[in-house]
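Colleague: I have a new model open and would like to walk through it with you. Could we begin with one of the helices?

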Amino acid sequence: MIELKEVTKEYSKGIAALNGVSLKIEQGEFVFIVGDSGSGKSTLIRLLLKELEPTSGSITVMGKELGKMKHKAIPYYRRRMGVVFQDFRLLKDRNVYENIAFTLRVTETATRVLKKKVPAALSLVGLAQKYKSYPKELSGGEQQRVAIARSIVNEPSILLADEPTGNLDPVNSWEIMKILEEANKRGTTVVVVTHNHEIVNAMKKRVITMQKGNIVSDTKKVGV
């Protein structure tokens, strides 16, 4: 599903954000990526989204080697991925329904399909009654739920979540993780970058720890 082979990313000569990283994530896995600021976690996510190009090494996602992907193919590649950010990134001038529908409209999804998928996504995140609300009328936890609904409405193969609970209190953080876990149970591969060690320890998923651009531990490899 996701495979990195000896991937290095240098932003400036001799300073590596990632240093020869090799990693394999299988279809259907739920994986946490943890590490201090500057450890390379966000660089890894941006490489998977093909927002960045590696300095060396290869990245294969969903059977496609990203280094060989033509520029015009990138938007179609990203449509098979869901992404959740710490800062929500909702469209402030559109209500909840339209924020989620936007993802499907971009792919020219038929209206009849859209009318089924958007309410289903809202129900999954527990916001079926808030479909007419605007982002400013929602709490931080509710906004993050909308962001997750938007990321899963097109049933992505992979869901990348970059610090999805970073701005949330503990109760909302747990609610968000339950939603991500439910998406995983439905077959989506989930990769979560987080600083929240309490959640990581409690959920007992695979944990990849990064430090200064290197993977220093991987619970899958040691059989934990």
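This is a predicted model: local features need pLDDT of at least 70, side-chain atom pairs count only at pLDDT 80 or more; totals for chains, interfaces and linings use all residues.

Colleague: How many residues of α1 are buried, out of how many?

Modeller: Six of the eight are buried, so helix α1, residues 41-48, counts as mostly covered.

Colleague: Which strands does α1 lie across?

Modeller: Helix α1 lies across β1, β2 and β4, and its direction makes an angle of about 115 degrees with β1. Just after the helix, K50 adopts a positive phi of about 60 degrees.

Colleague: What is the strand order in the sheet with β1, β2 and β4?

Modeller: The order is β2-β1-β4-β5, an open sheet of four strands with antiparallel pairing. Its edge strands are β2 (15-25) and β5 (64-65), each of which pairs on one side only.

Colleague: And how many bridges join β1 and β4?

Modeller: Five bridges link strand β1, residues 2-12, with strand β4, residues 56-61, in the antiparallel sense. As one point of reference, L4 has I59 in β4 as its bridge partner.

Colleague: Let us change topic to the six-stranded sheet. What is its order?

Modeller: That open sheet reads β6-β7-β8-β3-β9-β10, and its pairing is mixed. β6 (81-85) and β10 (214-218) stand at the edges with a single partner strand each, so one side of each has no neighbour in the sheet. From one strand to the next, the twist averages 20 degrees.

Colleague: Which helix lies across β6 and β7?

Modeller: Helix α5, residues 140-152, lies across both, and it runs at about 165 degrees to β6.

Colleague: At what angle do α3 and α5 pack?

Modeller: In general, a packed pair of helices is described by an axis angle and an axis distance. For α3 (residues 96-106) and α5, the angle is about 30 degrees and the axes are 8 Å apart. The two helices are therefore roughly parallel to each other, since angles under 35 degrees count as such. The crossing of α3 past α5 is right-handed.

Colleague: Which residues make that contact?

Modeller: On α3 they are V96, N99, I100 and T103, while α5 provides V146, A149 and R150. By class, four of the contact residues are nonpolar, two are polar and one is charged.

Colleague: What does V118 touch, leaving out residues up to four places away in sequence?

Modeller: V118 touches Y97, I100, A101, L104 and V153. I100 is also one of the α3 residues in the contact with α5.

Definitions and conventions
Residues are numbered from 1 along each chain as its sequence is written. Side-chain values use heavy atoms; hydrogens and water are left out. Two strands pair if DSSP finds at least two bridges between them. Axes are lines fitted to C-alpha atoms, for helices over the stretch in contact, and angles run from 0 to 180 degrees between N-to-C directions. Contact means heavy atoms within 4.5 Å. Buried means under 20% relative accessible area, exposed over 50%, partly exposed in between (1.4 Å probe, protein chains only). Angles under 35 degrees count as roughly parallel, over 145 as roughly antiparallel, 65 to 115 as roughly perpendicular and the rest as oblique. A crossing is left-handed if the near helix is turned anticlockwise from the far one by less than a right angle, and right-handed if clockwise. Ala, Val, Leu, Ile, Met, Phe, Trp, Tyr, Cys and Pro count as nonpolar, Asp, Glu, Lys and Arg as charged, and the others, Gly among them, as polar.
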